[in-house]
Amino acid sequence: MTLEYFIRRVIQFFVIVFLAVTLNFFFPRMSGQDPIREKLLQLEAQGVSITGEGVEEFIASYNTKFGLDKPILEQYLTYLGQMARLDLGQSIAYFPQQVSSLVLSAVPWSIGLLLTATLMSFTIGTLVGALIGWGNAPRFLQFIFPAFFVFSAVPFYLMGLLLLYVFAFQFKLLPLFGGYSTSTLPSPTIDFYMEVFKHSILPALSIVLAQTGYWALGMRSMMVTIEGEDYILQAEAKGLKKGRIFFQYAMRNAILPQITALAMSLGTIISGAILVEVIFAYPGVGSVLVRAILGFDWFVIQGVVFLIILTVAFSMLIIDLIYPLLDPRISYRGD
Amino acid sequence: MKQMVETDDRSIAENDQGLSIATDTNVAEPKSISRVILAFRYVRRNPSLTGGSLMLLILLLFVVIGGLLIDPDNARPMANRPRLAPSAEHLLGTDRQGKDVLTVMVIGTPQTIRIGLIAGGIGVAVGTILAFFSVYYGGIVDILVSSVVDILRTVPGLLVLVIIAISVPGDMTVDMMALIVAALSWLNPARILRSQVLVMKQKPYVEMARFTGMSGPEIIIKEMIPNLMPYLISTFVLAVAGAILASIGLEALGLGAFESNTLGMTIYWNIHYGSLLNGWWWWLLPPILMIVFLFVALFLVSLGLDEWANPRLRRKL
């Protein structure tokens with residue numbers, strides 16, 4: 001049974017990746033657009049004069065270079081082969097830079113931002129949710145909880161814009177945009193790390209504000225269901241200390257679905273904050289994507305989409321495979 | 001079993017009135033209590049639904065009354081002097097292109113909502129059909145539908161939409177945006193409704209209908225759809241919210257309808273022209289606050305609907 005589940009799950013992973021690659025390949029081609037021509041048109045719109053007889057040959061030679069003149073099936077097979085080798089091709093706008101190096105250099109920024117923010121909101125949200133579900137939360141928490149709850153309905157990046165307006169524009173406490181100031185160069189010094197930290201506060205805060213409500217809500221409803229369980233009654237009857245019942249008996253059991261949800265949200269760690277990064281011009285994957293869209297850099301757009309789908313699908317696979325270890329009540333058997 | 005049939009019938013009758021009052025309290029009340037009082041009680045017991053609906057009503061009034069008062073020409077580029085701070089003439093000032101911001105809000109808000117309604121409507125329609133289809137045929141069809149839904153749900157939706165959006169030839173329009181977003185908006189409705197239909201199929205009143213010789217489609221239309229109504233409405237609200245969220249995301253990434261005045265496009269231009277750096281707060285804040293207002297309204301409505309659809313959740317938040 002275990003082996004069958006394992007194989008089925010691995011096949012599902014490859015199906016997702018295959019579908020993503022296929023979608024990535026056929027969708028842009030179905031529209032009949034020509035990336036090189038679009039790029040030239042865009043340059044022309046920006047005032048670069050591209051006229052004369054050489055243009056068509058220029059387009060043709062670039063199409064040969066990127067393999068866009070071959071029959072579609074051959075292109076597709078080449079593309080599948082390239083993707084299997086994780087070769088995402090070269091950027092049109094930043095030729096001859098490799099798409100993979102362009103994207104990978106942005107990944108640490110995205111992960112750093114989202115990992116910190118997610119862990120913070122998870123810890124705060126779970127604790128607050130547990131207290132509220134247990135009915136022994138301090139008064140002020142009961143009061144602010146609905147606010148967090150409503151925040152979770154608002155898209156993070158708008159929260160980000162509001163925070164920017166208040167803290168960066170009105171009070172000028174924190175920097176407006178970027179991962180570090182334009183005047184400093186990345187270097188492994190304390191000053192630079194402080195700079196990076198200062199720039200990450202607002203983007204991280206906007207994610208934390210938006211997510212805490214979500215975690216608190218999940219934890220609250222689990223605590224409410226656990227409240228009536230026999231083992232809690234028994235623990236109370238034994239006269240155990242309140243704190244011990246709360247942490248060891250209630251929270252420990254209630255936290256399992258939270259952990260699963262945390263693992264799942266870590267799966268989207270690269271893509272989760274794309275729009276926040278765009279708002280804050282944070283140098284992560286989101287900014288790479290938006291620059292590629294503006295610059296009509298097809299291969300970069302496809303590369304970002306492919307890499308993100310790959311990482312999400314891969315982490316989902318890992319989660320599903322280790323899930324029974326986290327929660328022994330789940331076995332591979334049941335569906 | 002007979003008793004269950006009766007209870008279910010009663011809850012249908014209540015749903016038809018647009019009210020859903022827990023049966024036990026209802027029975028205890030004397031018959032003379034008017035519907036108005038019952039409605040009022042329900043309103044007090046379900047503040048999220050009331051509050052959310054009121055907020056949506058305010059939004060509707062803003063769009064309708066605003067639409068009567070404004071001159072649409074003011075939302076054209078170069079219609080006014082650009083970058084004017086709010087004044088008596090331009091209550092919310094003008095943007096970098098000389099559009100009157102208040103006019104843009106009055107015109108753009110319904111456009112954004114339109115994207116949500118179209119995509120949400122398609123999503124729920126397709127989702128409902130798939131749900132019935134997959135439960136009705138069961139077996140391999142059901143497995144196929146549910147695994148496609150499960151697989152697609154694990155894929156980051158916004159990025160799939162990005163790929164679809166960059167593939168659209170020609171200029172983007174608001175309705176095109178709605179169709180693009182609809183490409184994924186059926187996933188959640190299909191999943192939620194399928195599980196509801198699956199449960200409902202086992203219910204005594206459906207079996208009863210089958211015994212009386214009703215045909216499959218007749219049972220679906222006369223028995224199941226009315227009982228599915230609360231779920232249809234609540235998945236619709238969620239789908240609308242999701243579609244609006246996705247469309248604003250695409251617009252913020254620069255993939256929106258550039259000629260339109262939707263809330264998302266207004267935000268895109270704000271980011272594009274760095275209105276924060278320049279301090280054009282009167283241009284930046286209105287679309288943000290409008291979207292926040294809209295989302296909080298939809299969120300409250302969906303909370304309230306959950307309470308209506310699923311009485312076991314009934315407790316104040």
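**A walk through a two-chain helical model**

Read from one end of its sequence to the other, chain A runs α-α-α-α-α-α-α-α-α-α-α-α-α-α. The model is a predicted one. In chain A there are 14 helices and zero strands. The C-alpha trace of this chain spans about 90 × 60 × 35 Å along its principal axes. Of the 335 residues in chain A, 34% are buried. Taking the contacts in chain A between residues at least 6 apart in sequence, 72% join residues at least 24 apart.

Helix H6 (residues 107-134) and helix H11 (residues 242-267) of chain A have axes 11 Å apart, and they pack at an angle of about 145°. The crossing of H6(A) past H11(A) is right-handed. On the H6(A) side the contact is made by A:Thr118, A:Phe122, A:Thr126, A:Ala130 and A:Trp134. H11(A) contributes A:Phe246, A:Ala250, A:Met251, A:Ala254, A:Ile255, A:Gln258, A:Leu262, A:Ser265 and A:Leu266. Sorted by class, the residues in the contact of H6(A) with H11(A) are 10 nonpolar, four polar and no charged.

For residues other than glycine, phi is mostly negative. A:Ala281 is not a glycine, yet its phi is positive, near 50°. A:Ala281 sits in the loop between helix H12 (274-280) and helix H13 (285-294) of chain A. Because 18 other C-beta atoms lie within 10 Å of it, A:Ala281 counts as partly exposed; a residue needs 20 or more to be buried.

Chain B has a case of its own. B:Met78 has a positive phi of about 65° and is not a glycine either. B:Met78 belongs to the loop between H4 and H5 of chain B. This residue is exposed because it has 9 C-beta neighbours inside 10 Å, and the limit for exposed is 12 or fewer.

B:Leu68 lies in helix H4 (residues 47-69) of chain B. B:Leu68 has 7 C-beta neighbours inside 10 Å and therefore counts as exposed. From C-alpha to C-alpha, B:Leu68 is 30 Å from B:Ala239, and the two are 171 residues apart in sequence.

Leaving out residues up to four places away in sequence, B:Val181 touches B:Ile115, B:Ala119, B:Leu161, B:Ala243, B:Ala246 and B:Ser247.

B:Val181 is also part of the largest nonpolar core, which has 161 residues. The members that touch the most other members are A:Leu289, A:Ile301, A:Val304, B:Leu161, B:Val162 and B:Val181. The helix that gives the most to this core is H11(B), with 18 residues.

The crossing of H12(B) and H14(B) is left-handed. B:Leu263, B:Thr266, B:Ile267 and B:Asn270 of H12(B) meet B:Trp283, B:Leu284, B:Pro287, B:Ile288, B:Met290 and B:Ile291 of H14(B) in this contact. By class, the contact of H12(B) with H14(B) has eight nonpolar, two polar and no charged residues.

The last step is to the place where the chains meet. Here 42 residues of chain A are in contact with 35 residues of chain B. On the side of chain B that touches chain A, two or more residues come from each of helix H6 (139-154), helix H7 (157-166), helix H11 (216-252), helix H13 (275-278) and helix H14 (281-309) of chain B. H14(B) supplies the largest share of this side, nine residues. The residues of the side of chain B that touches chain A comprise 30 nonpolar, five polar and no charged.

How values were computed. Residues numbered from 1 in each chain as written. Chains lettered and ligands numbered in written order. Predicted model: local features only at pLDDT ≥ 70, side-chain atom pairs only at ≥ 80, totals over all residues. Contact = placed C-beta atoms within 7 Å. Helix = DSSP H or I, 4+ residues; strand = E, 2+ residues; numbered from the N terminus. Nonpolar A, V, L, I, M, F, W, Y, C, P; charged D, E, K, R; others polar. Axes fitted to C-alpha atoms, helices over the stretch in contact; angles between N-to-C directions. Left-handed = near helix turned anticlockwise from the far one by under 90°. Core = buried A, V, L, I, M, F, W, Y, C linked by C-beta atoms within 7 Å.
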